[in-house]
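Student: Could you walk me through how to read a structure like this one, feature by feature? I'd like the general idea each time, then the case at hand.

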Amino acid sequence: MRRTALGALGVATLALTACGGGGDGDDAALDYWLWDANQLPAYQQCVSDFTADTGIDVEVTQMGWDDYWSSVTNGFVADTAPDVFTNHLSRYPEFVANGQLLALDDLAATAAVDTSIYNEGLADLWIAEDGQRYGLPKDWDTIALFYNEQLLDDAGYTAGDLADLTWNPDDGGTYEEAIAHLSVDANGIRGDEDGFDKNNVAVYGLGLNGAGSGQGQTEWSYLTGTTGWAHTDENPWGTHYNYDDPDFQASMDWFAALADKGFMPKLETTVGASMADTFAAGKSVLNANGSWMIGQYTGYDDVEVGIAPTPTGPSGERASMFNGLADSVYAGTDHPEEAAQLVAYLGSADCQDVVAEAAVVFPAITASAEKAAAAYDAQGVDVSPFTTHVEEGSTFLFPITAHASQIDGIMAPAMDAVVSGKAPASSLTGANDQVNALFE
Amino acid sequence: MPLTRSPHRSYDRPAKRINWRDVVPWVLLLIAIAVSVLPFYWVLRTSLSMNSSLAANATSLLPVGFNFGAFERVFGLQSTQESIAQGGSGADINFWVYLRNSVVFASITTAGAVFFSAMAAYAFSRLRWKGRNVVFSAFLATMMVPPIFTALPNFLLIKDLGLLNTMLGMVLPFIFMTPFAVFFLRQFFMNMSREVEEAAMLDGAKHFCIFFQIILPNAAAPIATLVLLTFIQQWNEYFWPLLVGNSADVRVLTVGLGVFKSQSPQGAPDWSGLMAATLISALPVLTLFMIFGKKIVNSIGFSGVK
């Protein structure tokens with residue numbers, strides 16, 4: 001018995017030693033992380049090309065969005081963060097404030113990049129308050145309306161009708177008329193007809209992803225952006241948020257009322273559900289979503305999907321948040337110059353043309369973005385509703401400020417309360433005061 | 001028992017009446033079985049479906065576009081292009097590596113925790129020493145501390161020891177003992193007969209010998225139960241392995257599945273791939289149940305007739 005027990009301990013010790021790998025890389029290999037699995041094949045290709053060019057080995061790790069940020073921030077603390085990683089505008093100001101990123105101007109390979117190749121404004125988003133650059137852009141995204149062609153047709157609407165929709169926060173304009181007409185209850189009565197049972201809705205006119213926290217990127221910012229309202233006093237690096245604006249609050253009251261009228265799912269039904277899957281199941285007709293979701297929406301079998309531009313608002317124009325990702329270099333990397341070479345390569349036309357051909361996102365480089373549009377076209381997907389925003393200049397930038405995670409902590413529950421109908425939009429004034437107190 | 005038939009009718013063969021007292025439990029049992037088995041069926045049905053067709057046929061009871069593609073994805077037999085064509089996300093699960101890590105992690109922590117807990121339980125139940133009950137009470141009190149409170153100090157300690165992203169760092173907080181296991185085994189040890197132990201002592205046996213040759217063999221059933229409970233718990237452990245063992249070579253299945261589930265924000269998961277992987281990752285625990293199931297029932301019976 002004794003021998004067995006000791007033997008078992010011995011085996012355990014061996015197993016521990018055998019599996020205790022994963023130390024910090026003494027070899028010259030770089031770690032590169034990204035979260036979007038759809039983009040993985042394209043970037044894997046880029047990385048192989050890069051290795052073939054430079055002889056620098058790169059290991060690519062893909063990790064889903066939910067765990068990505070906790071892993072990255074854990075990595076900063078534990079010194080196990082990747083040398084290069086895909087970064088988001090909402091996160092990087094805090095990383096810069098904590099000294100966790102290297103300034104790319106200080107590194108030879110990235111300092112030499114001519115940023116005029118990128119779509120206007122994208123590169124500037126990655127210059128922090130200290131005037132230094134912390135990311136080289138790789139892609140951009142805008143918002144448009146995905147729609148179910150069959151259900152739209154059943155309602156007697158055409159794609160042309162959708163392209164001409166207008167919206168205002170008072171009565172919702174033709175946009176709300178469309179949403180109401182596209183909603184159908186269990187008895188087949190439409191939302192704009194008498195007898196519509198708002199508590200027993202079979203098909204919602206508009207899908208809901210969530211309350212949108214403080215940004216509302218895909219939820220409501222494409223509407224509020226058409227009223228002349230902006231999230232912050234200036235962007236980037238604003239120091240005052242505007243959630244107390246009465247016009248903004250009117251927009252949010254209108255938005256929340258859609259759920260109350262039975263034209264949009266209730267907020268609680270969106271928890272743990274995918275808006276896109278619900279759409280494919282025929283439970284909603286219109287879905288406002290980002291261009292990174294094109295592949296998801298057009299990938300469903302048995303559903304014909306069309307894309308329409310977002311409605312025109314009181315300003316007479318459409319609006320879309322303009323967001324973009326970039327690659328950044330971790331401050332604790334053992335190989336800063338090699339990491340910079342990788343960042344520069346991933347943001348170059350050589351790599352972005354590969355990404356463009358995969359038709360998964362719009363590359364930040366103007367010429368490559370056109371190739372991506374052509375690649376989508378070849379797949380039979382007309383992506384002009386997304387590119388229109390850029391061509392017409394109807395984009396506004398993702399709000400970049402300090403204290404992003406604290407703001408999220410305040411605004412996510414506040415917006416949930418409003419969109420779920422538990423609080424009026426005027427309650428956002430209190431949340432706004434809390435947010436602005438962070439900057440004092 | 002009251003008579004149900006009057007004597008003068010004993011010649012008749014009365015029509016068999018449905019005894020509701022018998023039927024109701026059966027119906028309830030069948031409903032309970034259906035409720036507990038249906039989710040497993042749904043996992044199987046989803047894993048055998050074509051991912052891109054699932055959403056449009058959400059209520060179909062049978063697999064939609066029957067194929068084994070999801071299992072091929074899980075085992076890494078499918079190229080990224082094929083995977084995307086079938087509605088996969090392009091992400092893959094390094095299944096065999098994660099499975100190996102899960103088995104190693106759960107086995108080591110279970111073996112260690114049960115063994116050391118048994119030693120502690122022995123000390124708390126069979127040895128007489130000053131302050132035993134006070135120490136035991138303090139020990140039990142640690143059961144009240146939610147694990148989340150110890151996560152951060154443990155993380156910093158493991159980091160300072162340079163054990164992040166190592167299997168050793170992952171197993172250390174679990175390997176020594178858990179208050180529950182000590183408490184559980186102590187209850188069994190306390191009820192063992194003292195005479196056998198005293199007889200052994202008269203024969204010159206020391207504590208070491210008594211522990212290994214008398215106590216442990218006699219507690220085989222509760223130990224088997226504990227092994228199973230601990231193994232399942234460790235198999236499902238998510239937070240600590242996520243925190244400490246995030247690098248791909250020590251990542252366990254739960255973390256691997258969690259990472260696989262969430263892709264781009266708002267993107268829908270590769271449901272069929274996820275369900276296929278979940279199904280396969282549940283198999284080891286099911287197998288354990290089949291092996292140890294009888295022992296568990298015995299051990300519960302044993303505790304009942306004591």
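Student: Which residue follows α15(A), and what is its phi?

Tutor: That's G380(A), and its phi is positive, near 85 degrees. Keep in mind that this is a predicted model.

Student: How do I check the helix itself?

Tutor: Compare its end-to-end reach with the span its residue count predicts. Helix α15 of chain A, residues 366-378, has 13 residues and reaches 19 Å from first C-alpha to last, close to the 18 Å expected at 1.5 Å a residue.

Student: Which residues of α15(A) are buried, and which are exposed on the other side?

Tutor: The cut-off to know is that buried means under 20% relative accessible area and exposed means over 50%. By that rule S368(A), A369(A), A372(A), A375(A) and Y376(A) are buried. Looking down the axis of α15(A), these buried residues fall within an arc of 110 degrees, so they line one face of the helix. On the other side, E370(A), D377(A) and A378(A) are exposed.

Student: What do the buried residues of α15(A) pack against?

Tutor: Their partners in chain A are β4 (136-141), α12 (294-298), α14 (349-358) and β11 (362-363).

Student: Next, salt bridges. How many does a search of the whole structure find?

Tutor: Over all chains, 7. For each one, look at the distance, then at where the partners sit. D353(A) counts as buried at 19% relative accessibility, while K371(A) is partly exposed at 44%.

Student: And what does D327(A) pair with?

Tutor: Its side chain meets that of K138(A) in a salt bridge, 3.0 Å from N to O. D327(A) lies in strand β10 (residues 320-329) and K138(A) in strand β4 of chain A, so the pair ties together parts 189 residues apart in sequence. D327(A) is buried, at 0% relative accessibility, and K138(A) is buried too, at 1%.

Student: Which residues of chain B does a salt-bridge network join?

Tutor: Start with the pair R126(B) and E197(B), whose closest N and O atoms are 2.4 Å apart. R126(B) is in the loop between α5 (95-125) and α6 (132-141), and E197(B) is in helix α10 (residues 194-202) of chain B, 71 residues apart. R126(B) is buried at 4% relative accessibility, as is E197(B) at 3%. Through shared partners, salt bridges join R126(B), R194(B) and E197(B) into one network.

Student: How should I read the interface between the chains?

Tutor: Ask about contacts, area and charge pairs. Here 42 residues of chain B are in contact with 44 residues of chain A. About 3600 Å² is buried between the two chains, with 59% from carbon and sulfur atoms. The salt bridge count between them is 0.

Student: What about the domains of chain A?

Tutor: Chain A is divided into domain 1 (5-141 + 324-364) and domain 2 (143-322 + 399-437). Together the domains bury about 1400 Å², 60% of it on carbon and sulfur atoms. E94(A), E129(A) and D141(A) supply 38% of the area domain 1 buries against domain 2, more than any other three residues. Across this domain interface, the rule finds 0 salt bridges.

Key: Residues are numbered from 1 along each chain as its sequence is written. Chains are lettered from A and ligands numbered from 1 in the order in which they are written. This is a predicted model: local features need pLDDT of at least 70, side-chain atom pairs count only at pLDDT 80 or more; totals for chains, interfaces and linings use all residues. Side-chain values use heavy atoms; hydrogens and water are left out. Helices (H or I, at least four residues) and strands (E, at least two) are DSSP runs, numbered from the N terminus. The expected span of a helix is 1.5 Å times one less than its number of residues. Buried means under 20% relative accessible area, exposed over 50%, partly exposed in between (1.4 Å probe, protein chains only). The arc is that of the directions from the helix axis to the C-beta atoms. Contact means heavy atoms within 4.5 Å. Domain bounds come from an automatic or database domain assignment. Buried area is the accessible area (1.4 Å probe) that two parts lose on being put together, summed over both. A salt bridge is a side-chain nitrogen of Lys or Arg within 4 Å of a carboxyl oxygen of Asp or Glu.
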